[in-house]
Amino acid sequence: MDEIDVANERAEQITNRAIQLVLRSLPQAPSSGICRACGEPIERTRLRANPSAPTCCDCAAEEDSERQRRRKLGGRG
Ligand SMILES: [Zn+2]
């Protein structure tokens with residue numbers, strides 16, 4: 001009886017993971033033109049280079065340096 005519950009839960013987890021993978025692999029929707037991090041308009045030149053850019057140049061650079069810092073620390077957290 002409990003096995004079915006466990007199986008259902010497991011199936012749900014797998015489905016959720018599959019959905020996330022699909023969402024990630026889909027082409028991104030065109031950017032709204034507003035930086036999702038700071039709310040400022042995204043530079044037009046940046047949108048031309050990357051129409052789905054979610055952040056402005058400043059925030060993208062910040063995210064980049066953050067990512068590199070994390071990689072240096074061993075990729076955790
Ligand atoms: Zn920004």
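**Figure 1. Tetrahedral zinc site.** The four donor atoms around the zinc ion subtend angles of 102 to 117°, so their arrangement is tetrahedral. The structure shown here and in the other views is a predicted model. The protein donors are the SG atoms of C35, C38, C56 and C59, lying 2.3 Å from the zinc ion. Along the chain, these donors follow the spacing C-x2-C-x17-C-x2-C.

**Figure 2. Solvent accessibility of two zinc donors, C35 and C38.** C35 and C38 are both protein donors of the zinc ion, each through its SG atom. C35 has a relative accessible area of 2% and is therefore buried, since buried means under 20%. C38 has a relative accessible area of 38% and is partly exposed, the class that lies between the buried limit of 20% and the exposed limit of 50%.

**Figure 3. Helix 1, residues 2–25.** The end C-alpha atoms of helix 1 are 35 Å apart. At 1.5 Å a residue, its 24 residues should span 34 Å, so the two values agree. Helix 1 is hardly covered, and the count of buried residues among its 24 residues is zero. E12 is found in this helix. With a relative accessible area of 54%, E12 is exposed, because the exposed class begins over 50%.

**Figure 4. Separation of E12 and C57.** E12, a residue of helix 1, is 45 residues from C57 in sequence. In space, the C-alpha atoms of E12 and C57 are 38 Å apart.

**Figure 5. Extent of helix 3 and the residue G74.** Helix 3 covers residues 57–72. From its first C-alpha to its last, this helix of 16 residues reaches 23 Å, close to the 22 Å expected at 1.5 Å a residue. Helix 3 is followed by G74, whose phi is positive, near 110°.

**Figure 6. Salt bridge between D64 and R67.** The closest N and O atoms of D64 and R67 are 3.9 Å apart, and the two residues form a salt bridge. The cut-off for such a contact is 4 Å. D64 and R67 are three residues apart in helix 3, so about one helical turn separates them.

**Figure 7. E66 and its partners R69 and R70.** E66 forms a salt bridge with R69, with the closest N and O atoms 3.4 Å apart. E66 and R69 lie three residues apart in helix 3, about one turn of the helix. A salt bridge also joins E66 to R70, and here the closest N and O atoms are 3.8 Å apart. R70 and E66 are four residues apart in helix 3, so they too are separated by about one helical turn. E66 counts as partly exposed at 35% relative accessibility. R70 likewise counts as partly exposed, at 39%. Elsewhere, salt bridges that share partners join R36, E63, D64 and R67 into one network. A search of the whole structure finds five salt bridges.

Terms used:
Residues are numbered from 1 along each chain as its sequence is written. This is a predicted model: local features need pLDDT of at least 70, side-chain atom pairs count only at pLDDT 80 or more; totals for chains, interfaces and linings use all residues. Side-chain values use heavy atoms; hydrogens and water are left out. Donors are N, O and S atoms within 2.8 Å of the metal (3.2 Å for Na, K and Ca); water is not among the atoms, so sites may look incomplete. Four donors count as tetrahedral if all angles lie between 85 and 135 degrees; four count as square planar and six as octahedral if opposite donors are over 155 degrees apart and all others between 65 and 115; anything else is irregular. Buried means under 20% relative accessible area, exposed over 50%, partly exposed in between (1.4 Å probe, protein chains only). Helices (H or I, at least four residues) and strands (E, at least two) are DSSP runs, numbered from the N terminus. The expected span of a helix is 1.5 Å times one less than its number of residues. A salt bridge is a side-chain nitrogen of Lys or Arg within 4 Å of a carboxyl oxygen of Asp or Glu.
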